[in-house]
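Subject: Handing over a structure

Hi there,

Here is the structure I promised to pass on to you. Have a look at it first, and then read my notes below.

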Number of protein chains: 2
Amino acid sequence: MEENKKTVLGCEEQSTEISEHTDISETGSSNPDIVKAIAEKLPDEELLYDVAELFKVFGDSTRVRIICALFESEMCVCDIAGVLNMTQSAISHQLRVLKQARLVKYRREGKTVFYSLADGHIQTIFNQAFEHIME
Amino acid sequence: MEENKKTVLGCEEQSTEISEHTDISETGSSNPDIVKAIAEKLPDEELLYDVAELFKVFGDSTRVRIICALFESEMCVCDIAGVLNMTQSAISHQLRVLKQARLVKYRREGKTVFYSLADGHIQTIFNQAFEHIME
DNA sequence: AATACATATGAACAATAATTCATACGATAA
DNA sequence: TTATCGTATGAATTATTGTTCATATGTATT
């Protein structure tokens, strides 16, 4: 849970006068007003939460591998399990997470269900991430 | 732990002949060979793991908020705590995570330590994520 | 209807992780 | 040196999450 209950800061002494290390000219980083100003510049609480949720979904190597597999082509559950060498159940659970996050679509054909990526943004985000890691 | 111990598949019957639902012409999705082919197309295990680790770091709303605050300017720990309305300790712990992931740099000035983002890729990735969420 | 197969799901367990609390470290000022 | 301030960190607690196991659902085939 992330609830932000306490506010035990220590610095930020709420003084009306310009606080001590305001004289650090370069970035003008210090206390009351700037803190408030930046706080208000932050995107909406809800958007930030959604971004974190999205990344959380990407933050598991099984799901990363599923997504990368789906970059190649749509696949049924048991084939994904085969590619990753994991149980059908584990894959199905993770596909549910991806489904809830609207990151995959699916299509039924008889008994088998084919999953594919919902959106081009996903590939873009992943490419950036790959680039970042490879410096 | 993600160890891939078992391989209880059910389908993927390892038949030499072309398996049943290979006749699904559109995507050609079915069993032994395609599964192996796609498995080999996946990026290195290590890279996939690193990508997941990177996203895992992004996958917490406290860290997302810290990063967004740092988009505005470099900041000291207690100011970040002020902006997010959280304890210095909680912020410091999270900064450590960001530091270990090489996502932030820091610079000491007397007693205070100023943190800033390490890399432009971060902003790009976040922008993509914001776009994705806003459809 | 009965069987077989692909997929989905609930419960349990094990592992991970975020925050708090207390305290340590490092730098500055008196 | 001692006191103070900003920051870092270890331990404990609580919450979350990925996988497994067993079983259910849904679709076709006989």
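Let me start with helix 2 of chain B: the cover over its buried residues includes helix 2, helix 3 and helix 6 (120–133) of chain A, along with helix 3 and helix 5 of chain B. Those buried residues are D50(B), V51(B), A52(B), L54(B), F55(B), V57(B) and F58(B). Here a residue is buried if 20 or more other C-beta atoms lie within 10 Å of its own, exposed if 12 or fewer, and partly exposed in between, with C-beta atoms placed from the backbone. Helices (H or I, at least four residues) and strands (E, at least two) are DSSP runs, numbered from the N terminus. The 14 residues of helix 2 of chain B should span 20 Å at 1.5 Å a residue, and its end C-alpha atoms are 20 Å apart, which agrees. (The expected span is 1.5 Å times one less than the number of residues.)

Before going on, please note that this is a predicted model, in which local features need pLDDT of at least 70 and side-chain atom pairs count only at pLDDT 80 or more, while totals for chains, interfaces and linings use all residues. Residues are numbered from 1 along each chain as its sequence is written, and chains are lettered from A and ligands numbered from 1 in the order in which they are written.

Next, helix 5 (residues 88–100) of chain B. This helix has 13 residues and reaches 18 Å from first to last C-alpha, close to the 18 Å expected at 1.5 Å a residue. Its buried residues are I91(B), Q94(B) and L98(B). Seen down the axis of helix 5 of chain B, they fall within an arc of 70 degrees, so they line one face of the helix; the arc is that of the directions from the helix axis to the C-beta atoms. An α-helix has 3.6 residues a turn, so residues three or four places apart point the same way. The buried residues of helix 5 of chain B pack against helix 2 (45–58), helix 3 (61–72), helix 4 (77–84) and strand 2 (104–109) of chain B. On the face turned away from that buried side sit the exposed residues S89(B), H93(B), R96(B) and Q100(B). After helix 5 of chain B comes R102(B), with a positive phi near 55 degrees.

Now for a place where the two chains meet. Helix 2 (residues 45–58) of chain A and helix 6 (residues 121–133) of chain B pack at an angle of about 105 degrees, with their axes 10 Å apart. That makes the two helices roughly perpendicular (65 to 115 degrees). Axes are lines fitted to C-alpha atoms, for helices over the stretch in contact, and angles run from 0 to 180 degrees between N-to-C directions. Among the residues that meet are L47(A) and F55(A) from helix 2 of chain A, and F126(B) and I133(B) from helix 6 of chain B. Contact means that C-beta atoms, placed from the backbone, lie within 7 Å.

Finally, chain A has 6 helices and 3 strands, running α-α-α-β-α-α-β-β-α from the N terminus. Buried residues make up 35% of its 135 residues. One of its residues to look at is I67(A), in helix 3 (residues 61–72) of chain A. I67(A) counts as buried, with 22 C-beta neighbours inside 10 Å. Leaving aside neighbours within four places in sequence, I67(A) is in contact with L117(A) and I122(A).

Enjoy exploring!

Technical notes. Parallel < 35°, antiparallel > 145°, perpendicular 65-115°, else oblique. Contact = placed C-beta atoms within 7 Å.
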